[in-house]
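Subject: Structure handover, charged side chains

Hello,

Please find the structure below. My notes on its charged side chains follow.

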Amino acid sequence: MTHRRGEAVALAGLLAAAGVTHFARPGFYDPIVPRALPGPARFWTYASGVAELAVAAAVAHPATRRRGGLAAAALFAAVLPANAQMAWDWRRRRPAQRAIAYGRVPMQAPLIWWALRVARS
């Protein structure tokens, strides 16, 4: 397995795991859906899970990897408002929980970079 292929497989695995958790534990994600989005939070939780699974599949296959990597970068940018919402909502929680919530916001930058790197491979 080449280094770049390994990066793509790892990214696909991360996206697939995140997608599955949207269905396994939707109650975790529902509260961080930005309130400005129309409709019920559960719809957006499931929709983002489907998107993550679809992007994972695209990244996993060499024929669609470039588009999948670009879609992953867009997806990571699109979930930034949810991570910001979580950071705001969790601002009064215990320090460990706040650290998790606050850490999700800047983590989007390296995830976007990683997805773009996979798209170029």
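Glu-52 sits in helix 3; helices here are DSSP runs of H or I with at least four residues, numbered from the N terminus. This is a predicted model, so to speak of local features a pLDDT of at least 70 is needed, side-chain atom pairs count only at pLDDT 80 or more, and totals for chains, interfaces and linings use all residues. Residues are numbered from 1 along each chain as its sequence is written, and side-chain values use heavy atoms, with hydrogens and water left out.

Glu-52 is buried but has no salt bridge. Buried means under 20% relative accessible area, exposed means over 50%, and partly exposed is in between (1.4 Å probe, protein chains only). A salt bridge is a side-chain nitrogen of Lys or Arg within 4 Å of a carboxyl oxygen of Asp or Glu. For Glu-52, the nearest side chain of opposite charge is that of Arg-104, 7.4 Å away; Lys and Arg count as positive, Asp and Glu as negative, and His and the chain ends are not counted. Leaving aside residues up to four places away in sequence, Glu-52 touches Leu-15, Ala-18, Gly-19, His-22 and Leu-75, where contact means heavy atoms within 4.5 Å.

How many salt bridges does the structure hold? There are 3, taken in turn below.

- Glu-7 and Arg-117: their side chains meet at 2.8 Å, N to O. Glu-7 lies in helix 1 (residues 3–24) and Arg-117 in helix 6 (residues 95–120), so this pair ties together parts that are 110 residues apart in sequence. Glu-7 counts as buried, at 12% relative accessibility, and Arg-117 also counts as buried, at 19%.

- Asp-30 and Arg-42: the N to O distance of this salt bridge is 2.6 Å. Asp-30 is in the loop between helix 2 (26–29) and helix 3 (41–60), while Arg-42 is in helix 3, and the two are 12 residues apart. Asp-30 counts as buried at 16% relative accessibility, whereas Arg-42 is partly exposed, with a relative accessible area of 34%.

- Arg-35 and Asp-89: the closest N and O atoms are 3.2 Å apart. Arg-35 lies in the loop between helix 2 and helix 3, and Asp-89 in helix 5 (residues 80–89), so the pair ties together parts that are 54 residues apart in sequence. Arg-35 counts as exposed, at 58% relative accessibility, and Asp-89 is partly exposed, with a relative accessible area of 29%.

Regards
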